[in-house]
Amino acid sequence: MTAEYRLHGDVAVITLNNPPVNGLGYDTRVGITNGLEKANADAAVKAIVITGAGRAFSGGADIREFNSPKASQEPNLLSVIGAIEHSAKPVVAAIHSVCMGGGLELALGAHYRVAAPGAKVALPEVKLGLIPGAGGTVRLPRALGVETALNMIVSGEPVNSELLAGLPEQKLFDKMAASPEALLDEAVALAKEMAAKHADGSPLPLVRNLAVKHPNGDAYFQFARNMVKGMVKNFPAPLKCVDAVENATKYKFDEALAKEREIFIALMQTPESKSLRHIFAAERAASKIADVGDDVKPREVKKVGVIGAGTMGGGIAMNFLNAGIPVTILETKQEALDRGLATIRKNYESQLKRGKLKQDKYDQRMALLTPTLAYDDLKDADLIIEAVFEEMGVKEQVFKKLDEVAKPGAILASNTSTLDVDQIAAFTQRPQDVVGMHFFSPANVMKLLEVVRGKATAKDVLATVMQIAKKIKKTAVVSGVCDGFIGNRMIERYSQQAGFLLDEGATPQQVDKAMEKFGMAMGPFRMGDLAGNDIGWAIRKRRYVEKPDMKYSKTADLLCELGRFGQKTGAGWYDYQPGKRDAIPSKLVEDMIEKHRQDQGITPRKISDQEIVDRLVYALVNEGAHILEDGIASKAGDIDMVYLTGYGFPIWRGGPMQYADQVGLFNVAESMKRFAKNPRDDAAFWQPAPLLAKLAAEGKTFN
Ligand code: NAI
């Protein structure tokens, strides 16, 4: 039952019951229209109340129906709202907790609305690259006035019911209930009162009949457009919200409603909306692991230990302190411990100075932090995360020690970015308790957490880490064990292509500009300078031994031989002024690249920005396909989440796999064939992953 029907005396109460947020899926919609019909057919019923069970009135469309034809199957939301408006008996919406999107549009169709205090009211469709599509842009301005409604529709942000109820001349709520507990009784009482009032057959009030106008309409909408344009250059929906609300003021209700529908349908087809809807679903899906069901109970994490107070350890500790979880941080030497603590303090103090943190919170957080040099102090920790030097020998020492001191059931995590988590687990007698937690730098800022599942990692360990990730506000994505996990394994291919582009004639700044125009937060060379070019150098040195057939441009090695490791050495692919991060194109680097071309007998050619983007993004996509095939990632959406939250891939493109889907995998495969013919490139590199070739041939997509 997704909508229940019960009589409260002579009032029929229809309660939406479709957990978790009473999404308006097909069954729920049928439940509502059946309830309305039944109530109208029953002479003993005088009025109707619609409300929601549990944690919401309604959160709007049911995301499980997102891409299914069921979403628009009759009765669709417009018909349900029509049925409410046409009910001969008064319909009262009893709103509480969450009233969003289609849920608010449904309530706007009712004759009366009662709200509980604390209800969150929103039309968040813009966040999915859409406008409200069931009358929201036409009715909300009538109920709240043009400006308040437009602000809500353009921002998509929730507003508290009391705040809306306090607006002068608002017509959204007929009444505020004294409390959420009193809501239903008060709604039933209002329903009875209104049934008596309209017993004479006088027409019931409808939002559609309210007037809507703005005293300076043209100027106001022009102003609104200018404001919105500046804020959202890669997304079409916000401006369309302005169009739709303006239509509401210029056209008759039904005409404006039809125009809203047209805009909604057109936006559904845009790549931006497809990407945003994909991300919405992928983010939720990433937190679920196929073979770790709800029956797997997470372990309790009340105390955390961090080993190593360097770049990563300090940031990792801050995540837990911010969430109110005590952290004991361990180092081998007092100076290193002091240095680590000073960095954490400095970070918080800078937040304090910028007004981002209050003094009492700062004090609370620092009080939760215990520095130590003694492993014994970790014996109570429920989760211990290691962030020491990236050397197997050091990891071995640490994990053997942890195995001795950690309490039974404690989770032992490694933040390693390249080492084999299974090998690390084997240093202990409890490999089932070992897992990778790969944070990204700066660890207190970056959203991504790759959770590396070893072959022995217990299911409840995974469930715990996924839960704790949510608590510290990370986007957790599960990766299998392999060199580089998901993100860095792909970025290596991307950097490889970036190097070939330099050999062939591009400059670092041209490549960076092309990628930044595509939407990447930073091009590959600026990224290298930020992360440290020596990291890639160390990896390549390893590759030259492990995989001697692998082809690389030598330019990055030449750069490192000059000691140009990036921002930390004041010079990398670019020059840097002391203390500044602005990347200044370097004559020395250009000459170095040119000399390398001459040594190799390469005549440089002009390379288009499109070729740069295609080669770099498809390098990611092809490796992503291998990662899927190898079972390192369980779904393409996980790979997209890694790139969106950890590597600055543009949100409006939905992630590399989603982008490839939108280009069409057939087209991607064709381009790869073309690149393979370029003698300066690497034909083996462009051999399409079997999964990519198969999907392309079948006309299918990754997501
Ligand atoms: P770091 O060199 O800044 O810090 C390492 C810290 O560990 C130092 O303070 C050192 O004194 C301490 N340490 C070394 N041996 C120890 C031991 N036996 N017991 C206790 N403390 C010990 O290194 P960073 O960058 O923080 O890296 C740490 C780990 O995080 C490595 O495994 C690295 O691969 C990984 N990682 C690094 C990222 C980065 O961007 N720096 C990103 C993601 C992971």
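I call a residue buried if 20 or more other C-beta atoms lie within 10 Å of its own, exposed if 12 or fewer, and partly exposed in between, with C-beta atoms placed from the backbone. I looked at a predicted model, where local features need pLDDT of at least 70, side-chain atom pairs count only at pLDDT 80 or more, and totals for chains, interfaces and linings use all residues. I number residues from 1 along each chain as its sequence is written.

**Entry 1**

I started with Asn-22, which counts as buried because it has 28 C-beta neighbours inside 10 Å. I found Asn-22 in the loop between β2 and α1 (26-41). Helices (H or I, at least four residues) and strands (E, at least two) are DSSP runs, numbered from the N terminus. Asn-22 is not a glycine, yet its phi is positive, about 55°. I then turned to Ser-97, in the loop between β4 (91-95) and β5 (98-100). Ser-97 also has a positive phi of about 55° without being a glycine. With 21 other C-beta atoms within 10 Å, Ser-97 is buried. I noted as background that most residues other than glycine have a negative phi, and most peptide bonds are trans.

**Entry 1: cis peptide bonds**

The bond from Glu-74 to Pro-75 is cis, with omega near 0°. Pro-75 sits in the loop between β3 (47-52) and α2 (77-86). Ser-441 and Pro-442 are also joined by a cis peptide bond, with omega about -5°. I placed Pro-442 in the loop between β15 and β16 (448-452).

**Entry 2: the whole chain**

I recorded 28 helices and 19 strands for the protein chain. The radius of gyration of the chain is 29 Å, close to the 27 Å that the globule rule gives for 703 residues, so the chain is as compact as a globular protein of that length. That radius is taken over C-alpha atoms, and the rule is 2.2 Å times the number of residues to the power 0.38. Along its principal axes the C-alpha trace spans about 95 × 60 × 50 Å. Of the 703 residues, 47% count as buried.

The domain assignment, which is automatic or from a database, gives domain 1 (3-268), domain 2 (304-479) and domain 3 (487-697). I noted 48 Å between the C-alpha centres of domain 1 and domain 3.

I followed strand β1 (residues 3-8) into strand β2 (residues 11-16); the two pair in the antiparallel sense over 6 bridges. Strands pair if DSSP finds at least two bridges between them. Tyr-5 has Ile-14 in β2 as its bridge partner. The hairpin has 2 residues between the strands, and Gly-9 there takes a positive phi near 65°.

**Entry 3: strands β13, β14 and β15**

Strand β13 (residues 383-386) runs parallel to β14, with 4 bridges joining them. Glu-386 stands opposite Ser-414 in β14. β14 also pairs with strand β15 (residues 434-439), in the parallel sense, over 3 bridges. Here Ala-413 stands opposite Val-435 in β15.

Which way do the residues of strand β14 (residues 411-414) point? Ile-411 and Ala-413 point one way and Leu-412 and Ser-414 the other way, and all are buried.

I noted that β13, helix α15 (residues 392-405) and β14 make a right-handed β-α-β unit. Right-handed means that, with the strands pointing away from the viewer, the path from the first strand over the helix to the second runs clockwise.

**Entry 4: Gly-308**

Gly-308 lies in the loop between β10 (304-307) and α12 (311-322). Is Gly-308 buried or exposed? Gly-308 counts as buried because it has 24 C-beta neighbours inside 10 Å. Leaving out residues up to four places away in sequence, Gly-308 touches Gly-313, Glu-331, Glu-386, Ala-387 and Val-388. Contact here means C-beta atoms, placed from the backbone, within 7 Å. I also looked up His-198, which is 110 residues from Gly-308 along the chain; their C-alpha atoms are separated by 73 Å.

**Entry 5: helix α19**

In helix α19 (residues 508-518), the buried residues include Pro-508, Val-511 and Met-515. The buried residues of α19 pack against α18 (487-504), α20 (524-531), α23 (587-600) and α24. After α19 comes Gly-519, with a positive phi near 125°.

Technical notes
Contact = placed C-beta atoms within 7 Å.
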